[in-house]
Amino acid sequence: MTLTDGNRPEAQKNAASTRTDAAARPARPTVWALAGGKGGVGRSLLAANLGIHLARSGHRVVLVDLDLQGSNLHNHLGYARLPRSLQDFAHGSITSLTELTFETPAHHLRLIGGLQRGELKTDPVAFVGQIVSQFGTLLADSILIDCGSGRGPATMAAFAAANLGILVGTPEPSALEGVFLFTEAHLRRCLTEALGADARAALAEKVRQAGTDPDRASFRALMLRIAAIDPAAREAVAVAVRRTRLHLLLNQVRQAADEEAVPAVASGFRKCFGLTLQSAGLVEHDPSVLQTVQKRRSLSQQYPNTAATKSLAKIATRLLTTLGTPVRSDEEWEDLETIDNYRVLEVVPKASAREVQQAYQILKRTYDPETTYLSTVIEAPALREIQARIENAYRTLIFLESRAVYDRQMIEAGALRPEQLRGPHSDLSGPRKSPGPAAEAPGDPATSPPQGPPPGKSTESPGPSGLPSNGPELRTERQRQQQPLEAISARTKIRTTHLQALEEERFGDLPPAVFVRGFLRQYAACLGLPGEDITRLYMERYEEWSRLRSNRDSDPMGARRSIG
């Protein structure tokens with residue numbers, strides 16, 4: 001293929017046309033980065049074709065190959081080799097990125113080739129920093145970076161420079177595991193960049209004293225601890241994390257079952273990292289892809305009507321749209337103990353019994369210890385805690401009677417409004433009986449409602465002696481520390497009336513147990529007490545009161561005789 005040089009007349013003509021409307025364009029281009037950890041998932045091919053579709057929509061686009069170990073982005077645009085590339089930038093013979101750009105057959109699309117031979121003799125991270133610092137000189141609306149595979153420092157630095165981070169994977173477990181490991185490394189890097197070395201060391205020591213290993217805890221659990229200890233540090237990390245909006249792009253999708261990976265990975269992000277992951281879209285497995293790779297042709301230009309090409313066009317449009325929407329920060333790093341059962345199962349409050357069942361099956365497979373790809377980023381105890389929380393939420397919502405009681409409690413607590421919930425008779429086809437031996441029916445145990453006690457129920461002995469074990473003792477400790485109840489309320493956002501009910505053990509004035517546990521964790525954190533131990537000791541009294549109330553409601557005379 002003929003290589004059109006940036007110094008030739010036709011290139012100069014295109015450059016002149018782009019300068020004409022430069023004043024109407026944003027001064028700083030939007031940076032997109034494609035990564036994901038594992039190689040062989042089609043990252044370079046997707047980057048090249050996304051660039052083509054963006055250029056077709058009228059955007060000026062520059063593709064940058066920052067795969068420092070195996071650059072081949074130029075192959076997917078029809079070039080066997082490039083006469084100039086980042087190799088010349090590394091050697092110092094060319095110091096301007098603008099001089100490295102080449103016009104491609106797609107109008108408005110230019111390319112900067114990567115390191116094609118030899119080794120980089122300078123610091124890779126510094127090298128990436130030099131390149132990123134010149135992005136503003138490229139007269140582009142969008143810059144697409146092919147970050148390469150792996151989790152090396154240079155790859156992570158390139159990804160962190162993006163406004164939009166596209167995590168590329170396939171439905172295979174190893175590729176999805178790579179996505180999680182890459183994201184874990186990215187978030188840890190954000191934490192490092194946001195806090196100085198001294199601040200990190202001091203914070204790590206406080207986190208350890210609070211009972212959490214900062215090196216082994218999930219990022220969600222770590223941020224929960226940091227938020228309780230140092231809200232300013234938490235916000236600094238949040239600002240660094242929000243700089244790069246994360247989207248999942250799933251490639252080589254062959255069958256409907258493969259699509260389940262998208263909600264499964266999104267769930268893992270919420271429960272492991274405490275963040276929302278948007279879906280960029282799916283790219284179907286397409287035989288045309290192999291043919292274009294073998295011929296060194298662009299997929300979107302060689303086969304414009306194939307399923308993969310059409311999928312990439314939709315993905316480019318969707319991602320452009322999301323860039324104009326604000327980033328949601330209200331669900332960052334929430335404690336699983338404080339969110340309601342609907343959000344645990346990741347369904348809306350108006351979900352039908354079938355939707356609850358389907359969501360449960362996906363989550364059950366996602367967190368199955370035998371098959372989950374989350375085991376590398378979530379420790380076994382935390383994984384069991386998540387499983388137990390999912391099981392408890394499912395038990396409550398799958399049966400009409402227990403769901404109605406729960407909904408009523410949520411409304412009374414002010415957590416939900418009546419119009420957000422399903423009507424009492426809107427789901428006549430769902431299960432109606434409460435869990436128990438009589439509700440058991442033959443069939444596939446994987447799809448039958450769970451029976452017996454929920455997995456993961458604590459059987460541990462009470463915590464260390466000397467800790468407050470009830471409401472009055474918590475109040476005494478708070479007063480000893482001279483902390484006003486209003487100050488704790490302002491810090492935790494828990495109503496003062498609820499905090500008073502906790503201290504006075506007015507259990508009937510408290511919301512459902514899931515909220516009480518969350519209140520106790522936050523209350524204990526304000527007092528510098530171990531939240532797990534305080535919660536366990538207090539909840540023993542709360543659960544005993546609930547049991548007695550349940551007995552009294554079901555058999556008032558019997559309860560009266562037993563009390564007498």
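**Entry 1: the model.** I noted that this is a predicted model, in which local features need pLDDT of at least 70 and side-chain atom pairs count only at pLDDT 80 or more, while totals for chains, interfaces and linings use all residues. Residues are numbered from 1 along each chain as its sequence is written, and side-chain values use heavy atoms, with hydrogens and water left out.

**Entry 2: Asn49.** I located Asn49 in helix α2 (residues 43-56); helices are DSSP runs of H or I with at least four residues, strands are runs of E with at least two, and both are numbered from the N terminus. Is Asn49 buried or exposed? Asn49 counts as buried because its relative accessibility is 1%. I then found a polar atom of the Asn49 side chain 2.7 Å from the backbone oxygen of Leu45. Not counting residues up to four places away in sequence, Asn49 touches Ser298, Leu299, Ser300 and Leu312, where contact means heavy atoms within 4.5 Å.

**Entry 3: the whole chain.** I recorded 23 helices and eight strands in the protein chain. Of its 564 residues, 47% count as buried. Among contacts with a separation of 6 or more, 75% join residues 24 or more positions apart.

**Entry 4: the cores.** I looked up the nonpolar cores, which are sets of buried Ala, Val, Leu, Ile, Met, Phe, Trp, Tyr and Cys residues joined through side-chain atoms within 4.5 Å. The largest has 117 residues, and Leu86 and Phe135 touch the most other members. Helix α21 (residues 513-526) gives the most to this core, namely eight residues. A second, separate core holds 34 residues, including Val61, Ala106, Leu249 and Ile315. Beyond its neighbours within four places in sequence, Leu86 has contacts that include Asp65, Leu97, Ile112 and Phe127.

**Entry 5: a pocket.** I searched for pockets on a 1 Å grid over the protein atoms alone; a pocket is an open set of points with protein on both sides within 12 Å along at least five of seven lines, and lining residues have an atom within 4 Å of a point. The second largest pocket holds about 850 Å³ of space. Of its 31 lining residues, Arg270, Leu275, Thr276, Gln278 and Glu331 are the closest to its centre. Which element supplies the largest share of this lining? I found that it is β7, with three residues.

Notes. Buried < 20%, exposed > 50% of the residue type's maximum accessible area, 1.4 Å probe, protein only. Polar contact = N/O pair within 3.5 Å; in protein donor to acceptor, adjacent residues only side chain to side chain. 1 Å grid on protein atoms, 1.4 Å probe; cavity = no way out; pocket = protein on both sides within 12 Å on 5 of 7 lines; lining within 4 Å. Points joined across faces, edges and corners; volume = space filled by probe spheres on them.
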